[in-house]
Amino acid sequence: MVRKALAFAVAVAAVTTFATACDSGGSDTAAPANSISTAPSTAPSAPAETTPPPAEQPTEQPTEAPERLRSGAKGDRVVALQKRLAELGYWNGKADGTFGGQTTQAVYALQKAAGLSRDGVVGPKTEKALDQGVRPKARSRSGYVIEISKKRQLLMLVKDGEVTQAFNTSTGSYERYEQEGATHVAATPSGKFTVSRQIDGWRNAPLGLLWRPKYFNGGIAVHGANSVPPYAASHGCARLSIAAMNYLWSNDKIPLKTKVWVY
């Protein structure tokens with residue numbers, strides 16, 4: 001009996017020692033594998049975690065896309081936009097840091113050349129067109145020619161086959177309208193013409209006011225207007241903004257006898 005009791009006591013002691021070997025000593029962090037404690041304890045504790053919890057990784061904040069530039073915007077980004085437009089030949093006046101009507105007209109022209117939606121807002125696609133240096137292509141190959149693309153709604157100054165400047169224009173809408181009891185179609189005829197006459201001021205024409213018109217096909221002219229949308233909307237003339245028409249006159253960009261190609 002004494003031997004059995006003694007053997008039982010040894011077995012109990014061995015089990016107790018094994019249990020205390022997994023004790024973390026009250027710490028929330030597991031001890032290294034080569035430093036397990038063998039010190040006796042009067043009461044068993046909960047087994048320690050064998051691996052530490054993974055460290056919390058910092059969450060990366062998503063990079064915000066730059067704000068779209070549109071009419072009314074101001075600042076250095078607008079200055080950079082205006083300079084880049086001018087560099088590519090899209091006339092927009094002085095780079096003054098204010099996104100106004102002239103800059104909107106130039107953005108329209110760029111978007112037309114790039115085949116983008118014509119909303120006048122500089123978003124990712126328009127930014128890409130700026131970065132890629134998108135410019136319209138000319139059809140003429142020699143001499144100085146004013147080219148008017150009805151498909152793209154662009155008016156271009158072309159020298160020896162290279163587009164030097166491009167403007168948003170609005171040509172004939174091809175809608176029907178009534179005048180003096182007759183029905184007409186608002187068309188801008190295609191062909192090759194020459195600037196034959198001009199008026200340095202407002203022309204109160206039967207179908208509306210024309211600012212500083214340059215006539216190249218009968219009563220059809222390149223002229224300034226208060227409204228120049230990015231789509232065909234005129235009665236047949238090629239509209240430009242008032243500011244653009246003033247620039248063309250002041251710099252003698254469309255003198256008499258200038259060739260005009262409409263296609």
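This is a predicted model: local features need pLDDT of at least 70, side-chain atom pairs count only at pLDDT 80 or more; totals for chains, interfaces and linings use all residues.
## Ground rules

Local features need pLDDT of at least 70, side-chain atom pairs count only at pLDDT 80 or more, and totals for chains, interfaces and linings use all residues. Residues are numbered from 1 along each chain as its sequence is written, and side-chain values use heavy atoms, with hydrogens and water left out.

## Two helices that cross

Two packed helices are described by the angle between their axes and the distance between the axes. Helix 2 spans residues 76-87, and helix 3 spans residues 101-114. Helices here are DSSP runs (H or I, at least four residues), and strands are too (E, at least two), numbered from the N terminus. The two axes come within 11 Å and cross at roughly 55 degrees. Axes are lines fitted to C-alpha atoms, for helices over the stretch in contact, and angles run from 0 to 180 degrees between N-to-C directions. Helix 2 and helix 3 are therefore oblique to each other. Angles under 35 degrees count as roughly parallel, over 145 as roughly antiparallel, 65 to 115 as roughly perpendicular, and the rest as oblique.

Which residues make the contact? Helix 2 brings Leu 81, Gln 82 and Leu 85, while helix 3 brings Thr 103, Ala 106, Val 107 and Leu 110. Contact means heavy atoms within 4.5 Å. Five of these residues are nonpolar, two are polar and none is charged. Ala, Val, Leu, Ile, Met, Phe, Trp, Tyr, Cys and Pro count as nonpolar, Asp, Glu, Lys and Arg as charged, and the others, Gly among them, as polar.

## The largest pocket

The largest pocket has a volume of about 400 Å³. A pocket is an open set of points on a 1 Å grid, with protein on both sides within 12 Å along at least five of seven lines; a cavity is a set where a 1.4 Å probe fits but cannot get out; lining residues have an atom within 4 Å of a point. A volume is the space filled by probe spheres set on the points.

The lining has 21 residues, and Ala 205, Leu 207, Leu 210, Gly 219 and Cys 237 are the closest to the centre. Strand 9 (208-217) gives the largest share, four residues. By class, the lining has twelve nonpolar, six polar and three charged residues.

## The largest cavity

The structure holds one cavity of 30 Å³ or more. The largest cavity contains about 70 Å³ of space. Its lining includes Trp 91, Phe 167, Asn 168 and Leu 240. Helix 3 supplies the largest share, four residues. Seven lining residues are nonpolar, four are polar and none is charged.
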